[in-house]
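Subject: Structure for your review

Dear colleague,

Please find the structure below, together with its sequence. I would be grateful if you could read the notes that follow it with the structure open before you.

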Amino acid sequence: MKLHYAEAGIGIPVVLLHGFPLSSAIWRHQKRQLSDLYRVITPDLRGHGESPAPEGTYEMSELAGDVFALLDALHIEKAAFLGHSMGGYVTLAAWKLAPQRFLALGLVASHAAADTEDGRQGRYQMAGKVAAQGSQLAADAMLPKLFAPRLSADDPVVDLVRQLILKTPSAGIIGSLRGMAARDDAGEMLPQINVPALVLAGDCDQIIPIAKAEATAAAMPRSTLTIVENAGHMPMLEQPEATTKALREFLSTIDD
Ligand code: MLT
């Protein structure tokens, strides 16, 4: 699996992983703004963006393996890994596989718990509907939950995210839904994450409530919790400046 990716800048490698069912395009502000000091690498995860979308279940460890293979090809041994939502699940799976490759770990609108049984069933139902009706179904189901309620439905950010979801092939959506449903609970691993860790959450996130972000941060010994105001599940697009500022402050604390 050769992932499509973009990169900008030179310096400590910073890998930004997008969530479901989106693409590296969500990090466009952060890639540009952080590249003055960092080598920012933004892959499209398997099944998303310009990367290949095979049929099958995308285990989070498999998605993490794809990212490590990309870094190997770029001759990057260690990096700061920050993942948005499903990208956060991939980040935690990557830590489980190879903690020695981490300079820092960040979870943006993400958390460490596995799905509840209801959540898992919901994912299988959605996978079935996407198989029958395509990506439009995922866009219709997800868009109302992704943003802070005050964001108007005709905001350009909403349209960008709609286009990203519509571009995601059904195989990518279904593979990710099955993979997320199958993921392990990473809660017990959190106390062992001994690198600088960031948990960043939007104060209006309707998908991953702030309480989960707080609990995740509290369980990691070297964590910082940042709440971005007036943001939902997509703080990097809803509040790009505040999000970049928080990432910059966090990244300034790591030593390579
Ligand atoms: C995401 O944004 O990546 C997903 O909504 C996460 C999830 O469904 O758990």
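Contact in this message means heavy atoms within 4.5 Å. Please also note that the model is a predicted one.

With that definition, the surroundings of Ala114 can be described. Ala114 sits in the loop between strand S5 (102-108) and helix H4 (117-133). When its neighbours within four places in sequence are left aside, Ala114 is in contact with Arg120, Arg183, Asp184 and Asp185. As for Met189, 75 residues separate it from Ala114 in sequence, and the C-alpha to C-alpha distance between the two is 13 Å.

Pro21 belongs to the loop between strand S2 (12-17) and helix H1 (28-34). The peptide bond that joins Phe20 and Pro21 is cis, with omega about -15°.

Ser85 lies in the loop between strand S4 (79-84) and helix H3 (86-97). Although Ser85 is not a glycine, its phi is positive, at about 50°. Is Ser85 buried or exposed? Its relative accessible area is 7%, and buried means under 20%, so Ser85 is buried.

Asn230, found in the loop between strand S7 (223-228) and helix H9 (235-238), is a residue other than glycine with a positive phi, near 55°. The relative accessibility of Asn230 is 39%, which lies between the cut-offs of 20% and 50%; Asn230 therefore counts as partly exposed.

A colleague

How values were computed. Residues are numbered from 1 along each chain as its sequence is written. This is a predicted model: local features need pLDDT of at least 70, side-chain atom pairs count only at pLDDT 80 or more; totals for chains, interfaces and linings use all residues. Side-chain values use heavy atoms; hydrogens and water are left out. Helices (H or I, at least four residues) and strands (E, at least two) are DSSP runs, numbered from the N terminus. Buried means under 20% relative accessible area, exposed over 50%, partly exposed in between (1.4 Å probe, protein chains only).
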